[in-house]
Each structure stands twice: as C-alpha cells, then as structure tokens.
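How do the chains of this model meet, and where do charged side chains pair? The explanation below takes up these topics in turn.

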Protein chains: 2
Amino acid sequence: MNQSIICPRFEKAVSLLSQRWTTLLIYQLLSGPQRFGTIQSSIAISGRVLSERLKDLEQQGIVKRDVIPETPVRIEYSLTEKGFSLEPILKEIENWSQEWVKKEELDD
Amino acid sequence: MNQSIICPRFEKAVSLLSQRWTTLLIYQLLSGPQRFGTIQSSIAISGRVLSERLKDLEQQGIVKRDVIPETPVRIEYSLTEKGFSLEPILKEIENWSQEWVKKEELDD
DNA sequence: TATTTTTAGTTACTTTATGTAAGTTATTAT
DNA sequence: ATAATAACTTACATAAAGTAACTAAAAATA
C-alpha cells in the first residue's frame, strides 16, 4: 500500500526541528551567544528541558558551549556553522507566519 | 534580563511545525490527496495520533477532508492552499538535510 | 566571618503526549 | 451468513515535558 519512501536525511532534519523548543532555541541563538539564564527567560522553556536540549544540540554540532574565564566564570552558548546554516529555514517559517497566521488564531 | 520578544505569529508557526508528525504528514500530502491508511503506512505514525493530527490540521485550515461517494466510500485527505504554502519551508529543510545531515548520524 | 545572592545546573515528582493493541461501525466480498 | 477492509475510537502503558525544590561554587553584603 505504501510507496515513495521518505529520505532519511530529511526525516532526521524534521525530527530535529520537531523537538519541542529546539527551533525557538536556535532562533534565539541567531541573535548571538547567550547564557543559560538569558535563554531560559527569553523562551518559556524549563531549566530541565533547556539543559537537555543544549546537551543534545551540542552533541549534534549545532550549539557550542564556552566557558569564559571571567570572574565570575560565564558560560555562553552559541551556534556553530551548522547551527547558523539553519537560518534560511527559520526565515521561511517567519515569512510564512507573517502571511498565513492570523490574529484570531494567536491565542494558543 | 530578557529582551527582544519573539513574534507571536512566528511562535505559532513554530509550535505548529514542532508537533510531532505534523511536518512529515504535510510533506506526505504534498504528493497529492491520500487516504488514512496510506498516510499511516507511509510515515510511522499511530492511528490514534494520525486521527488527532488530521482533525487539528483540518481545523487550522491546512488539511481538507473529502468524502468521495464511490462504492465503497473513499475518504481523502489533501492540502488546502494554506497547506501548500508550507512547501518552501519543507524544501528548505530538505536542502539543509542534504548538505548537513551525515550518514553517520542517520541511525536515530 | 557569617549570610545571602547569583549562576548553572540537577533531582524527584506530576502532568501531558504519544504508542500499542483491541474494539467499533459501516460497507463489501465470499 | 461470515469474513474482510477502511476509518476510526477507546483503554491502557510508556515516554516526554513541566514544576518546584535542591545543590555547588563563587561573590557580594551585613
């Protein structure tokens, strides 16, 4: 009954972006390196999940974690090249949303 | 501590596409109208969730449900104009995946 | 010096989302 | 009349996410 198998690379990319918070997190980091607390307060993610996601994205080479030896030590998260390469996707989502998401459906 | 508030339309679009299976489901319908069973066997979604997603997407004006009066009656799901308008996003994801998803990371 | 704050998390527990498998209703094929 | 198929739905199990309290290390304050 089935036909055209879906490309596994595409599936992988979709499953990455379908993880709750991941897209918003990357979007947030597009505006520059940020600390744990800043990210947490800019999107509504819980600390537990943010920590999980950051580890995950770091492991996938999308996010980079830097310990900055100031006093006090500062920990900064930023996008890698691979992370930044997702920008066109996010821009398309942004364009789409401007055109197709109406005021009436904004109360989640 | 927070700054730049994220556009609510963008957030809405992201939350739509971050629902598990939604992107793959839309992708599948890009190739034309399909029946419940066909969709179910082309992506690995369970009947319970597929039914839920279709109702949801129908309500958001992305998917259309048609009862085709053949014998036996056939029920077809297809994309609306709004649904098709998501294609550029999916194409961007596809492009990205070809460039950035490596063989090594394909075993989910 | 002791006490409180701040940052970057982690842990334990609850709620929500998804998966699994069996059941339902209507129609059709045997 | 009996079995099969399509499109769901229901009940229950497991996994993912939310909540809130806790920790460790350093720094600021009393």
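What follows treats the interface and then the salt bridges.

This is a predicted model, in which local features need pLDDT of at least 70 and side-chain atom pairs count only at pLDDT 80 or more, whereas totals for chains, interfaces and linings use all residues. Residues are numbered from 1 along each chain as its sequence is written, chains are lettered from A and ligands numbered from 1 in the order in which they are written, and side-chain values use heavy atoms, with hydrogens and water left out.

B:Arg9, B:Phe10 and B:Trp96 supply 17% of the area that chain B buries against chain A, more than any other three residues.

Between the two chains there are 4 salt bridges, each a side-chain nitrogen of Lys or Arg within 4 Å of a carboxyl oxygen of Asp or Glu. One of them joins B:Glu105 to A:Lys12, with the closest N and O atoms 3.5 Å apart. A:Lys82 is linked with A:Lys12 and B:Glu105 in a network of salt bridges.

Over all chains, the structure holds 16 salt bridges. Within chain A, A:Glu70 meets A:Arg74 at 2.9 Å, N to O. A:Glu70 is partly exposed at 38% relative accessible area, while A:Arg74 is buried at 19% (buried is under 20%, exposed over 50%, partly exposed in between, with a 1.4 Å probe and protein chains only).

Notes
Buried area is the accessible area (1.4 Å probe) that two parts lose on being put together, summed over both.
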